[in-house]
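Work through the exercises below with the coordinates open beside you, and try each task before reading its solution.

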Amino acid sequence: MMVCIRRTHARAGLVGLLAMGLFGAFVPQASAVSYSPWGYYGPVKGYKYKNRAAIADSSRLYASTTAARNGSGNVPAGYLGALARLYKGDALCKSAGYAYNSGPANSLSVPTQGNGCGTGAYYSYGATKAYNGNGYKAVYTFKSPSLNHRSVAARSTPSPQEAADRALPRNARGQTYGSGLDAGTPQAAPDLIRAYTTEGELGYVKRAELEDEPAPASPRQALAFQSERAGKDRRIPVYALDGTTAVGTFVVEAPQATLTKGR
């Protein structure tokens with residue numbers, strides 16, 4: 001696998017940026033960018049972590065998610081995982097699959113690809129994973145401030161999300177439905193998540209299909225799954241509220257990621 005290394009000078013000294021050849025380089029050139037607060041968790045298998053979501057509007061509109069060690073130094077290959085999700089209002093617009101760090105790294109950043117779903121207010125709300133010795137613990141980021149597409153003015157940062165204890169509505173089949181933005185944890189997301197089709201129509205994707213990725217039990221498995229799926233998008237149905245009638249398609253993008261190595 002080809003590996004490209006970029007080096008830039010920072011105040012603390014020389015920092016190596018490892019852009020994985022498996023994914024390609026991600027170099028945001030944003031005229032407007034807003035970040036969620038850092039979220040902190042751990043220790044998980046001896047490491048403390050932090051994550052955050054970002055939303056940017058430049059030549060294109062994208063969301064990104066960063067998973068990082070909370071402190072200096074690196075974590076071993078396969079210990080970090082991240083996915084990015086872009087929402088227009090309360091509906092999912094773009095999502096990338098999980099990416100994992102292919103080598104020792106201090107942080108891992110993953111963006112959505114393409115552009116948005118038309119004019120409107122957008123949010124970034126991602127998820128990260130940390131290897132716990134027997135699989136992975138998934139944690140949401142905080143939601144980013146909203147950003148009006150093509151506007152440089154972001155609204156104020158929302159307060160941190162609380163765990164979603166609210167009762168979700170159910171359809172006639174008993175499936176819960178609603179916005180993924182309202183879920184405080186991955187486990188609290190509704191069965192049917194409000195989303196846009198590739199044609200711009202509103203419907204719902206099944207959480208089980210959106211998250212239908214291998215559940216690696218180790219960094220070795222995570223990197224093997226990642227290699228198998230490199231460059232391969234997944235297409236899943238978008239349904240009407242009944243959870244049965246297909247109304248379009250949603251694309252789960254093959255992730256592109258950037259690693260930052262610590263000193």
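**Exercise 1. The chain as a whole**

What percentage of the 263 residues of the chain count as buried? Describe the overall make-up of the chain as well.

Solution. The model is a predicted one, and in it 49% of the 263 residues count as buried. The secondary structure comes to two helices and 21 strands. Finally, among the contacts with a separation of 6 or more, 61% are accounted for by residues 24 or more positions apart.

**Exercise 2. The disulfide**

Which residue does a disulfide join to Cys93, and why does the pair tie together parts that are apart in sequence?

Solution. A search of the whole structure finds one disulfide. This disulfide joins Cys93 to Cys117, with an S to S distance of 2.2 Å. Cys93 lies in strand E9 (residues 91-96), while Cys117 lies in the loop between strand E11 (107-111) and strand E12 (121-124), so the pair ties together parts that are 24 residues apart in sequence. For the geometry of the link, the angle about the S-S bond is 100°, and the link of Cys93 and Cys117 is right-handed.

**Exercise 3. Salt bridges and their surroundings**

- Asp90 forms a salt bridge with Arg194, whose closest N and O atoms are 3.3 Å apart. Asp90 lies in the loop between strand E8 (85-88) and E9, and Arg194 in strand E17 (residues 192-196), so the pair ties together parts that are 104 residues apart in sequence. Asp90 counts as partly exposed at 39% relative accessibility, and Arg194 is also partly exposed, with a relative accessible area of 25%.
- Arg207 forms a salt bridge with Glu211, where the closest N and O atoms are 3.5 Å apart. Glu211 is partly exposed, with a relative accessible area of 33%.
- Glu213 and Arg234 meet through their side chains in a salt bridge of 4.0 Å, N to O. This pair links distant parts of the chain, 21 residues apart, with Glu213 in the loop between helix H1 (207-210) and helix H2 (219-229) and Arg234 in strand E19 (residues 234-239). Glu213 counts as partly exposed at 23% relative accessibility, whereas Arg234 is buried, with a relative accessible area of 16%.

**Exercise 4. Strand pairing around E20**

In which sense, parallel or antiparallel, do E9 and strand E20 pair, and how many bridges join E19 to E20?

Solution. E9 and strand E20 (residues 246-253) pair in the parallel sense over two bridges, and Ala96 stands opposite Glu253 in E20. E19 and E20, by contrast, run antiparallel and are joined by six bridges, with Val251 in E20 as the bridge partner of Arg235. The hairpin of E19 and E20 has six residues between the strands, and there Gly243 takes a positive phi near 75°.

**Exercise 5. A loop residue**

Is Ser146 buried or exposed, and where is Ser146 found?

Solution. Ser146 is found in the loop between strand E14 (136-140) and strand E15 (147-148). At 4% relative accessibility, Ser146 counts as buried. Ser146 and Ala121 are 25 residues apart in sequence, yet their C-alpha atoms are 5.9 Å apart in space.

Definitions and conventions: Residues numbered from 1 in each chain as written. Predicted model: local features only at pLDDT ≥ 70, side-chain atom pairs only at ≥ 80, totals over all residues. Heavy atoms only, no water. Helix = DSSP H or I, 4+ residues; strand = E, 2+ residues; numbered from the N terminus. Buried < 20%, exposed > 50% of the residue type's maximum accessible area, 1.4 Å probe, protein only. Disulfide = S-S within 2.5 Å. Contact = heavy atoms within 4.5 Å. Pairing = 2+ DSSP bridges.
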